[in-house]
Amino acid sequence: MTPTLRKSIPHILMMAYVVVILAPFLFILFSSFKADNLAIALHPFGLPKKWEFENYREAWVKAKINVYFFNSLYLAFSSAVVGVLMAAATAFALVRMKFGRISAWIYQFVLIGMLIPGNVLFIAQYLLVQKLGILGTHWSLFLPYTAGALPFSVLLICAFMRSIPRELEEAAIVDGMNVLRMFGQIVLPLTVPALVTVFIVNFLGNWNEYLLSFFFISKDSLRTLPAGMVQFRDAFQTNYALICTGIVFSVLPVLVLYMFLQRKIIEGLTAGSIKG
Amino acid sequence: MRSTLKNPYVYLLFVLPTIALYFLFFIYPMLTSFYYGFTNWNGLDTKDYVGFANFANAFKDADFRHSILNNLIILLFSCCIQVPLIIVCSLLISGVKRLQGFYKTTVFMPSILSTSVIGILWGFIYDPDVGLLDKTLRSLGAPTIYWLADTNWALPAILITNAWQWMGFYIVLILAAILAIPREIDEAARIDGATGPQRAWYLTVPLIKPIINVVIMLSIAGALRVVDIVLVMTGGGPAGATDVMASYMVNKAIKYSDYGYGTALSIIIFAFALVLTALYQILFARRQERVEF
């Protein structure tokens, strides 16, 4: 075996893997521009003969992908923001404020949440939101999403805050700053890298969440993308081009985000799993 | 200056909302699960205490037993087939200089996407009329397979989709551990004349054992957490062939409002998760010493 050949074996194998990952996406992308099932069936691999941009308008408006899209966007965003701020405040109180023993207990208590698999709580959460009278509203997703992200967020932000030197805060105290302003003007800005990581992880988690959003929301106009997509597929079972268009709409924003923030995303998601 | 950081009102303001929300949506549901699990509540009638009847019924329920079996198949598939492949792939990626970042980014990509959308996407690929897979297989002369409608093929189809989505995530985990190994160790072995595969097997793999253990633990937990993909791709069908514990539980609760029985099933899932990870810890992970550089 020549050295060049030996050197290229890993590349050949990994390229095969990359093709397996990317081929479905290209297939979906091309199919989304094709006129109908026949055009897909005849040339599954090729570029469309005629580019049907009409599919996108039809899926966006008629199939209500736009509604699902904005529901997902604002739910994922608001819940991630609120979750990050709550976790940051809690982490600050636990790590920096002088309530040693109680803080240690609270920290342990919150971390127990990471042991509980999400789907185990499904029925009990369903009954809970029913009892609270918010079943079928966006609150029934916003609250569990925000709560569900807390253990991981508190863990990660606490770890980050412990690594920040205390001098700045001590100087602020000497200057007579009160604790609320200190948190807002000194601690939060210093913690931004961790906050961004946690925000991205929570945002992606909420954006992708399916189980709760499918079963807790029954009104079509309130559905989020993952649940709406399933609904959409069941309704347009036979129109594959349109389904592919829907997939593109839901996958594209995440991929764009990933293109710009891949290091942060990978770091955040893997940190969450290892530390948990 | 101490008093600033000892302000109990601010402390409560910062801690209480988190604790309250966390308690309401984590601890309280966990506690009520244990309560409902011992009742026969169906959403309408009174909740009657029925002792362990739900749990006994669950293990007598042939459909549920089948779903446990499916969970175990998924677990074995991910630990015995996926994990070795994951290790090989991360070794391959760690060995190349060019395109390393590209491979890492690409293989990781499916794990950031929604499982439900991936289920739809792969459902389309498995489609016997227009799907990508069938076109490819038929051009090679294979007969048409109704992947998701065939009781023999539906579960493998889901296993493949699940592996496609998650393998990259674990590859990146292990890759990070491999790249953290000091280069000198590898170079010393190279100078001693060890070949690439030898260095990988005798040097790298033992050094990354802790992270392999983490990956196996995560795979065990992941195998018990599988639910979205089943609900989206097959809904547990055909004829319960792909039902896993969680999808069976969701259907019981939502379709039949069998809350008492359903929560009992969720407690069983939780118990499985705890017992299996604890067993793995005791049997395998504890024996190894941590490697410190």
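Residues 201–224 of chain B are 96% helix and 0% strand, with end C-alpha atoms 30 Å apart; helices here are DSSP runs (H or I, at least four residues), strands are runs of E of at least two, and both are numbered from the N terminus. This is a predicted model, in which local features need pLDDT of at least 70 and side-chain atom pairs count only at pLDDT 80 or more, while totals for chains, interfaces and linings use all residues. Residues are numbered from 1 along each chain as its sequence is written, and chains are lettered from A in the order in which they are written.

UniProt, in an unreviewed entry, lists residues 201–224 of chain B as "transmembrane region", and residues 259–280 are also among those listed; such annotations may be inferred rather than shown by experiment. Over residues 259–280 chain B is 100% helix, and the end C-alpha atoms are 31 Å apart.

The largest nonpolar core has 169 residues, and among the members touching the most others are B:Ile174 and B:Leu265. Such a core is a set of buried Ala, Val, Leu, Ile, Met, Phe, Trp, Tyr and Cys residues joined through C-beta atoms within 7 Å, where buried means that 20 or more other C-beta atoms lie within 10 Å of the residue's own, with C-beta atoms placed from the backbone. Helix H7 (residues 154–179) of chain B gives the largest share of this core, 16 residues.

B:Ile174 touches residues including B:Ile208, B:Ile211 and B:Val215; contact means C-beta atoms within 7 Å.

Between the chains, the contact takes 73 residues from chain B and 75 residues from chain A. Helix H1 (residues 8–36) supplies 18 residues, the largest share of chain B's side.

Technical notes:
Two residues are in contact if their C-beta atoms, placed from the backbone, lie within 7 Å. A residue is buried if 20 or more other C-beta atoms lie within 10 Å of its own, exposed if 12 or fewer, and partly exposed in between; C-beta atoms are placed from the backbone. Lists of a residue's contacts leave out its neighbours within four places in sequence.
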